[in-house]
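Please examine the sequence and the structure shown below.

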Amino acid sequence: MEKKNRGVLAVVSGFSGAGKGTIMKELLAQYPDQYALSVSATTREPRPGETDGQEYFFVSDERFREMIAQEELLEYAGYVNHYYGTPKAYVMEQLDAGKDVILEIEIQGALKIRKKFPDTLLLFISAPDAKTLQERLSGRGTEDEGTVAKRLSRACEESEGIEAYDYFVVNDELGKCVAQVHGIIQNEHARVARNLEKIAQIRAELKAFERR
Ligand code: 5GP
């Protein structure tokens, strides 16, 4: 049987309200054996409908500081008054098991991960235009006006960093966007640098033919 390669580490970032969460849910529903979604720790309050351990591990400031001190996080960053971080153990286990691991994190975290793991794939997801973004954020009704304004201003800052990413995907139609993200991540498996063992093997096999 073919040996299972190490999984792809993919970071998905995007403006707040671009629909990343929905895309990730759909991707996992369609390909449950292929992907593992990292669940971050955050100090923000759960939104209605969010469950501890599912969307996030909702932790106190104190517990978050402890996670930093114990080196339990692969990266962490501040975002609109709160901290968010990626627990290390789960990501490493799932990559070793051959799963493609997705981190849905913001840009500072994305850059830290790329520095630690240079072969990380970085995808940026955008709404088709700024007006759609604002409508989605306000229409969500889960944040007050001040927070929506802060998130839009953060989106403006983040737009300056998109060139650091490998792919820019516009979420105008969910199904199309999910298929595109899946295709991008799966193509990574065919990269020459990820297949050096297999390449060496077929080369050795061919040489063996020649010696016959
Ligand atoms: P939200 O509060 O809307 O769930 O998330 C706010 C922002 O924090 C989003 O851009 C999200 O991608 C980012 N985020 C979520 N988890 C993490 C994490 O573990 N690390 C970093 N750096 N950003 C995160």
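## Salt bridges and ligand site

The structure holds 13 salt bridges, each a side-chain nitrogen of Lys or Arg within 4 Å of a carboxyl oxygen of Asp or Glu. This is a predicted model, in which local features need pLDDT of at least 70, side-chain atom pairs count only at pLDDT 80 or more, and totals for chains, interfaces and linings use all residues. Residues are numbered from 1 along each chain as its sequence is written, and side-chain values use heavy atoms, with hydrogens and water left out.

One of the salt bridges joins glutamate 66 to arginine 63, with the closest N and O atoms 2.7 Å apart. Both residues belong to helix 2 (residues 61-69), where they are three residues apart, about one turn of the helix.

Around the ligand there are 16 residues, each with a heavy atom within 4 Å of it. The closest are Ser40, Arg44, Tyr56, Tyr84 and Glu106. By class, the shell comprises five nonpolar, four polar and seven charged residues.

| Residue and atom | Ligand atom | Distance |
|---|---|---|
| arginine 47, polar side-chain atom | oxygen | 2.9 Å |
| glycine 85, polar backbone atom | oxygen | 3.0 Å |
| glutamate 106, side-chain N or O atom | nitrogen | 2.6 Å |

The protein covers 96% of the 510 Å² of accessible area that the ligand has on its own, as computed by the Shrake-Rupley method with a 1.4 Å probe.

Technical notes. A polar contact is a pair of N or O atoms within 3.5 Å; within protein, one must be able to donate a hydrogen and the other to accept it, and residues adjacent in sequence count only if both atoms are side-chain atoms. Ala, Val, Leu, Ile, Met, Phe, Trp, Tyr, Cys and Pro count as nonpolar, Asp, Glu, Lys and Arg as charged, and the others, Gly among them, as polar. Helices (H or I, at least four residues) and strands (E, at least two) are DSSP runs, numbered from the N terminus.
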